[in-house]
Structures are given as C-alpha cells and as structure tokens.
Amino acid sequence: MKFEYFIGSRYLKSRQKTGFISFITVLSIAGVTVGVMALVIVIAVMTGAESYFKTKILGVEPHVVLHHHEGSIPEYASVIDRLEASGLTESVMPYAETQVMLRSGSGMSGAVLRGLNPEARGSHIIGLSRKELKEKLSPGQSRDSNTETPPLVLGKNLARSLGVNSGDVIYLISSRGMMTPAGHMPSMKRFLVKGVFESGFYEYDASLAYTHLEATQGLLRIGDAVTGIGIRVDDIYKADQIAEKIQKNLGFPYWTMDWMEMNRNFFSALKLEKTVMFIILTLIILVAAFNIASTLIMMVMSKTRDIAILKAMGATDRSIRKIFVFNGLVIGAIGTALGTALGLTGCFLLQHYQFVQLPGDVYYFTTLPVEVRWTDVAIIVSAALGICLGATLYPAGKASRLNPVEALRHG
C-alpha cells in the first residue's frame, strides 16, 4: 500500500480530538446515502412508468400508420400485398376510423369508432384472442329484436359512463348524415354491445369503440375503402426508419406516421420530468458534498502539524493532496454504496410486494411501476462519485499548499 493511502486510512480510523468532525463525517455519508437511494428509486419508477406507457400504447395503436392524402385508401388490398411483399412488416391491419356520438338510455358520450376486419392477420383488440375477436365483431341479435344488429366493443370506462353492458343496445350518431329539406341531418344507427375491453390506459378505455370494418365503411359511405392501414414491425425502436422506407416505396399520395411521432409530446414530457427529477435529487448529494468539504477542511486544520512533518520528511504536494482526496472519496464511496444498496432493495420491494397503492381513477396505474436499468444506476453512481471528488479538491489543495515552516511554528 502506498504511504498516502496508508496515512489517509489512519486518519479515517483514528479518533478525532473532537467528536464534531466525526459527526460531520457521518452526516456526509448519510447525505450521500439518502441522495443516491432517492435517485435510484425515483429514476427506476419513472423508467418503469415510461415502459408501462409504451406497452399500453403499443397494445392498442399500431407501430406505423399508413394514410392517403385524399382521406381514404380505395385499393387497399393491393397496398397490403405490396407491404407484405416488402419484408418490412410483421403484420398489417386495414381499418376505418371516425368520430361518433354514442347514446344509451342513461347517457351520451363522444367516442372514436374503429372498424376492423377480424379476418386480417394484424387485427387485434387488447385482451381478446383471435377466436374471441371474430365472435365479438360478428353481428348479433338484441334481447328485444330478432334482427341482426352491428356489433360494438367498448372501452371499460366508456361503457361505464354510458351505463351499458354486453347485450345492451345503444345508438350511434354520425355526422355523415344526409341532406333533407330541413337541412343536414346526422345519421343514427342501432349497435349491439358485444363486449368490453380494458387496455389499462384511461384515454383509450374512455374513448375507443371497435366494430366490424363493413359497419364503419357504411357509416362513412366510402364503399370498399379504409381510412388507414396499421403496420406492426419486429423492432419498435426502428419504426421511424421503417415508416420512412414504406413512404419512399409507395410514394405520393401515401404518407406514414410512427408511434414515436404520434406520441412525441407525451414521451417528451416524461423525459423532461425524468431529467428534472434527476437534477433536483442530485442537489441532495451536492449538499452532502459540502459536508464532505467541511469535514476535510476541519481535518486539514487539525492535522496541520502532521502535514508539516510529512513535508519536512520529503512528502510532495501531490502526495499530501492524494491523502485528503482519498479520505473524501472513501466517505463518498461509502455513502454511494449504501445508497445504491438501499435504493435497489427499495426497488425490489416495490416490484414484488407492491405496497404502494394508487387510486386508478386519478393515476394511469394502481401500483408504482419499477424498472431498474443498470445504465441509469451507473450514471447515478458516477455522478455521485464525481460530485464527491469535486468536493475534495479545495481542501486537498489547501493542505498541499501549507508551508511546513509556518505550520510547525504556529501549528
């Protein structure tokens, strides 16, 4: 062991003349520990929230959406063949979408109506198998009528606000009506509620309704056309590149949007919140770093005679600086190690026991989502050690600049 580290370790282990320096040292370690622990847990929760939202959004929305500048895609079958032949897609889902009003016996609500073809390989409703999808999107008979009625699958919150369950009949009002002598009249049609889905994302559960593709085409009066084609790809993080290739292959008048572009504001806000929380919680470590600097300054003042003797024996300024930098880094490393261990333990407990419960009608999730990324942990540890290192530079430099003659005379 080099003599700088040997002397530094002796200074840390030795009993101080006054217990005040030891008390400040304990506070410094505690401050770093609390700061690192809070950072690890909060960043893990925010990372978990981001992953949670991605999972829920991509469970409902396609990875890439293909649109036509005229609003509808008439020859969509040939477009689907070209997409599948390109090798860029995993599955393709033609759909027709429009905004409607839903009216039941106990309420009325706006909704986004999405018509799907249950035979298409890419068509899906979250929580439903392929067999259930075909059954739910097939016409049925209501309790009070023997005539076949178009199907409707509602989001959980939308069904709750309308006060309906499976088997109930509701009326769908579309702005695509007809001109009469009295003016434009919206169209109204009966639909049979055949199921309720739950995506886990309030916006979708409160506004989305599914029906058969033909029913939506009839409402929009677009014949055998669709308003968009949903595309799922193998790598969701390359969706923007694949969308660009698809648009280039098909050319005008087609245009594409990927899931990141459609939800850019939402994920940008999450990223900003994560960055802000990192900066705010890093201030806790910064306060602890000031305590480390105070501890080292007081240690330098109490060890003035020792420093002078070491210099008289031939110790260089660099060696003296190393002694106190080593002391500060050990204090910071102990606090960082304890904080990381406690933070990871807290994340483990939150993941497996879920003792923090949140109201589902206020938040997007009922328990805290936690995902530990080792890159985040490495950044937190590096930042904490870097701050602690910075706190040692001034007192270590002050110790190295001590004049041994003056120190022995007045020490």
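Let's start in a loop: Pro 253 sits between α8 and β11 (254-258). The peptide bond that links Phe 252 to Pro 253 is cis, with omega at about 10°. Everything described here comes from a predicted model.

Arg 221 belongs to the loop that runs between α7 (213-220) and β10 (228-232). Although Arg 221 is not a glycine, its phi is positive, at about 55°.

| Helix pair | Angle | Axis separation |
|---|---|---|
| α10 (residues 264-302) and α13 (residues 374-400) | about 30° | 9 Å |
| α3 (residues 76-86) and α8 (residues 239-250) | about 125° | 11 Å |
| α11 (residues 304-312) and α12 (residues 317-353) | about 145° | 10 Å |

Take α10 and α13 to begin with. Their axes make an angle of about 30°, and angles under 35 degrees count as roughly parallel, so α10 and α13 are roughly parallel to each other. The two helices cross in a right-handed sense. On the α10 side, the contact is made by Lys 274, Phe 278, Thr 282, Ile 285, Leu 286, Ala 289, Ile 292, Ala 293, Leu 296, Ile 297 and Val 300. From α13 come Asp 376, Ile 379, Ile 380, Ala 383, Ala 384, Ile 387, Cys 388, Ala 391, Thr 392, Tyr 394, Pro 395 and Ala 399. Sorted by class, the contact of α10 with α13 holds 19 nonpolar, two polar and two charged residues.

Val 79, Arg 82 and Leu 83 of α3 make the contact with Ile 246, Asn 249 and Leu 250 of α8. By class, that contact of α3 with α8 comprises four nonpolar residues, one polar and one charged.

What is the handedness of the crossing where α11 passes α12? It is right-handed for α11 and α12. Here Ile 307, Leu 310 and Lys 311 in α11 meet Asp 317, Ile 320, Ile 323 and Phe 324 in α12. The contact of α11 with α12 has five nonpolar and two charged residues, with no polar ones.

How many cavities of 30 Å³ or more does the model contain? The count comes to one. Which helices supply at least two residues each to the lining of the largest cavity? They are α2 (19-60) and α13. By class, the lining of the largest cavity divides into six nonpolar and three charged residues, with no polar ones.

Note on methods: Residues numbered from 1 in each chain as written. Predicted model: local features only at pLDDT ≥ 70, side-chain atom pairs only at ≥ 80, totals over all residues. Heavy atoms only, no water. Axes fitted to C-alpha atoms, helices over the stretch in contact; angles between N-to-C directions. Helix = DSSP H or I, 4+ residues; strand = E, 2+ residues; numbered from the N terminus. Parallel < 35°, antiparallel > 145°, perpendicular 65-115°, else oblique. Left-handed = near helix turned anticlockwise from the far one by under 90°. Contact = heavy atoms within 4.5 Å. Nonpolar A, V, L, I, M, F, W, Y, C, P; charged D, E, K, R; others polar. 1 Å grid on protein atoms, 1.4 Å probe; cavity = no way out; pocket = protein on both sides within 12 Å on 5 of 7 lines; lining within 4 Å. Points joined across faces, edges and corners; volume = space filled by probe spheres on them.
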